[in-house]
Amino acid sequence: MVDLRAQFATIEKEVRRAIDEVLATQTFVLGPQLEAFEQEMAQYCGRRFAVGVASGTDALALSLRACGVEPGDEVILPAFTFLATAGAVIAAGARPVFADSDPKTLNIDPQSVRSLVTPRTSCIIVVHLYGGAAEMEPLLELASRHGIVIIEDNAQSLGASLNGKKLGSFGACAATSFYPSKNLGAYGDAGMIFTDNEEIAERIARLRNHGQSGRYLNAEPGWNSRLDDIQAAVLRVKARHLDRWIAARRAHAARYNQRFAKLDGIITPASQPNSLHSYYLYTLQIAAERGNPGARRDHVARHLASRDIASSIFYPLPLHLQPAYASLGGKAGQLPVAERAAHEVLSLPLYPEMTNEQIDRVADSVIEVL
Ligand SMILES: *Cc1c(COP(=O)(O)O)cnc(C)c1O
């Protein structure tokens, strides 16, 4: 799906130099590389503050806590997302309430969200799935009318934008992930929170460091969720290439789209007007035959595999049907768009260093089997 070695070959010298610098100083935790990286990323996202943490999952969990989500609260999130979005809600002691998706973009459907709001709803987590913007306007309007906080899960959409504003700059907080395969990937685990609210930023900076407000002074219980300086140094180097890499992803996606334009029974990735997709994933929807959900999509995946081409399903089971959340009473048929998407989506290989020949070889194989 992603060839990280191809990318490393293009930046090896810069990365090794940056790591060597950290080794020379022997400053590994909460050091100058992290501080510089936080400032650079806040500026990149158009936000006042950025706080580095240990993972995207921690970034979500700490955002929920810092935004005042409390045990017993309800948090609305899409059913069609990665496990971590819901895991973070559980970590905050709150109750996940799963919303359905928009059939075109597969992002959280504002209509569905509206129907799920109760007096106990304190937060909506908006995921910009695959790197494409969710419909922010109606969600922001709904949230402000009900006094609900919006947190963006920006793990897949760093560098993407809507109406000229970077994704990650809409919610009270935005959480992102630097998992190695993400558009900006560390050489290990790392994450970050963006906000314009100084109080929230300070609280998260405390929480990630055992809740310390001074040396060994515990303002509130926290834990250890720090982004170390070696990862920050690597990420600073890679961040300088991010926009160029996203442009390459977009060009590759456009080439796939063009190749698939005349194909029946598939939907190529859709994005909102006035938005810029970051194409963390290039995901087709392959319409199922009646009574045979998933068969046609799985047939395409098997054909690609027989040609030594990777493909992957993000995500095969919506969260309301996961065993982990059975106690919440989710039922098959309850969120039809999310459930259909789970049978129809197939992500194709996409990374900046792909060549047109590689794109065409994948596209040829898809066209051949369909
Ligand atoms: C990757 C991802 C996360 C979690 O990030 P980690 O850094 O792996 O903890 C959360 N949400 C979404 C949508 C993701 O894609």
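A salt bridge is a side-chain nitrogen of Lys or Arg within 4 Å of a carboxyl oxygen of Asp or Glu. With that in hand, let's look at this structure. It is a predicted model, where local features need pLDDT of at least 70 and side-chain atom pairs count only at pLDDT 80 or more, while totals for chains, interfaces and linings use all residues. Residues are numbered from 1 along each chain as its sequence is written, and side-chain values use heavy atoms, with hydrogens and water left out.

Searching the whole structure turns up 15 salt bridges. Here are three of them:

| Pair | Closest N and O atoms |
|---|---|
| Arg208 and Glu38 | 2.9 Å |
| Arg259 and Asp360 | 3.2 Å |
| Glu220 and Arg65 | 3.8 Å |

Where do these residues sit? Helices (H or I, at least four residues) and strands (E, at least two) are DSSP runs, numbered from the N terminus. Arg259 is in helix α9 (residues 242-260) and Asp360 in helix α12 (residues 356-369), 101 residues apart. Arg208 is in the loop between α7 (198-207) and β10 (212-214), whereas Glu38 belongs to helix α2 (residues 32-45), 170 residues away. Glu220 lies in the loop between β11 (217-218) and α8 (229-239) and Arg65 in helix α3 (residues 56-66), so this pair ties together parts 155 residues apart in sequence.

Now for burial: buried means under 20% relative accessible area, exposed over 50%, and partly exposed in between (1.4 Å probe, protein chains only). Arg208 and Glu38 are both buried.

Finally, a salt-bridge network links Arg65, Arg203, Arg206 and Glu220.
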